[in-house]
Amino acid sequence: MSVSTLDIRVNKVTKSRISELNHDNIQFGKLYADHMLVAYYENGAWKQPEIVPFENLSLSPATTFMHYGQAIFEGVKAYQNPDGDPIIFRPYDNWKRMNRSAERMGMPDVPEDIFIGGMRQLVELDKEWVPGGEGTSLYIRPFMIAVDEFIGVKPAEKFMFIIITSPAGPYYSKPVSIFVQEQYVRAFPGGIGFTKAAGNYGMSMYPTMKIREMGYDQILWTDGFEHKYVQEIGTMNVFFVVDGKVLTPDLAAGTILEGVTRDSVITLLREKGITVEERPISLDELEEAYKAGKFTEAFGTGTAASIAPIAELTFHDTHMKLPAPENAEITNWLKSELSEIRYGRKADTHDWIVKA
Ligand SMILES: *Cc1c(COP(=O)(O)O)cnc(C)c1O
């Protein structure tokens, strides 16, 4: 069945909860906008999605995803442009990525009309929930879960696709202190590292707790064979500035999440004439560059934090301390450039902005 956005049934709340939103103190993930989008997949087809009041779901305790983890998600943001209208940053890239995750996890493709059309309609309806103000946004969380009521092990046949949204305040990105992980592994070639599967997050909680106890903020994941090549930091892609060039791990092994922010950063840097190398990066290379005084900046990228400067990297007994963030020229330029584009203050020459 083909789904047309025009036919999305809307069941509006009788009373908005917007007065609960305190613009001076927006706590991410605590408060959700009035509505959500829900679509069911059954008998090989998506049914017409609906926009309904944000509410609890009622599911059988035997629902498949709760046991076997067929669950994937996305993270997108809408911003208020200078005219006060909501604009969404690169949702088509999230849509394509969601379908790559879906394929690997044995889940159905979500059609454009539901993912993009549904998201635009939802954000337009709840546009009052898109905060205005530097650093703020409406975080959009599309996700899909397998909902067969069956605890036998087999790929599910019934799925739910849902979009919820939550206002996000300015993200305080204190430069992060990184611990190079040589015990636990995030992703292997042939695994699901390239997907935004719930399990990738579940497995990271324990190692993250451990390094937090040691006083670090994030893990730098390394390859599982030799713990020699870097992958990602926490749930962000990672970049290093070495000798004036920008280095980031390539995607060939399928162990790294193809970040939308990662792609935006690479595009902006290359347009500015800065060399970006996507290739395997070893810890030895970074250590050597550090000792030679050539390793000058490092940062993580992701929709939540945008650009997160790295203060320090600990590898064995080596503490690589990076210059204070105010001196991180490339990091700071990227941060402001990306921000100008996301808020619609600078011409959108890449077709990254989609109106709600
Ligand atoms: C979501 C995510 C990122 C960042 O991707 P963006 O599209 O830039 O938000 C990076 N790494 C992992 C593991 C992620 O889950």
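1. N43 sits in the loop joining β2 (35-42) to β3 (45-46); strands here are DSSP E runs of at least two residues and helices are H or I runs of at least four, numbered from the N terminus. Its phi is positive, near 50°, although N43 is not a glycine. The residue is exposed, with a relative accessible area of 77% (exposed means over 50%, buried under 20%, partly exposed in between, with a 1.4 Å probe and protein chains only). Bear in mind that this is a predicted model, where local features need pLDDT of at least 70, side-chain atom pairs count only at pLDDT 80 or more, and totals for chains, interfaces and linings use all residues. Residues are numbered from 1 along each chain as its sequence is written, and side-chain values use heavy atoms, with hydrogens and water left out.

2. S306 is another non-glycine residue with positive phi, near 65°. Its setting is strand β17 (residues 306-315). Is S306 buried or exposed? At a relative accessible area of 15%, S306 is buried.

3. Now the domains. The chain splits into domain 1 (9-169) and domain 2 (176-342), with bounds taken from an automatic or database domain assignment. Their C-alpha centres are 28 Å apart. Domain 1 puts 20 residues into the contact and domain 2 puts in 21 residues, where contact means heavy atoms within 4.5 Å.

4. Have a look at the helix pair α6 (residues 260-271) and α8 (residues 329-342): their axes come within 11 Å and cross at roughly 110°. That makes α6 roughly perpendicular to α8 (65 to 115 degrees; under 35 is roughly parallel, over 145 roughly antiparallel, the rest oblique). The axes are lines fitted to C-alpha atoms over the stretch in contact, and angles run from 0 to 180 degrees between N-to-C directions. From α6, T261, S264, V265, L268 and L269 meet a set in α8 that includes I330, W333, L334 and L338. By class, this contact has 8 nonpolar, 2 polar and 2 charged residues (Ala, Val, Leu, Ile, Met, Phe, Trp, Tyr, Cys and Pro are nonpolar, Asp, Glu, Lys and Arg charged, and the others, Gly among them, polar).

5. What about α8 itself? Its 14 residues should span 20 Å at 1.5 Å a residue, and the end C-alpha atoms are 20 Å apart, which agrees; the expected span is 1.5 Å times one less than the number of residues. Buried residues in α8 include I330, L334, E337, L338, I341 and R342. After α8 comes G344, with positive phi near 70°.

6. T255 lies in the loop between β14 (245-248) and α6. With 6% relative accessibility, T255 is buried. Beyond neighbours within four places in sequence, T255 contacts R186, A187, F188, P189, G193, F194, Q231 and E232.

7. P131 belongs to the loop between α3 (112-125) and β8 (137-146) and is buried at 1% relative accessible area. Residues up to four places away aside, P131 touches several others, among them H23, I26, Q80, P167 and A168. By contrast, P131 and I116 are 15 residues apart in sequence and 21 Å apart in space, C-alpha to C-alpha.

8. K12, in the loop between β1 (9-10) and β2, is exposed at 54% relative accessible area. Which residues does K12 touch, not counting those up to four places away in sequence? They are H35, P53 and L125. K12 and H35 are 23 residues apart in sequence, and their C-alpha atoms are 7.4 Å apart.
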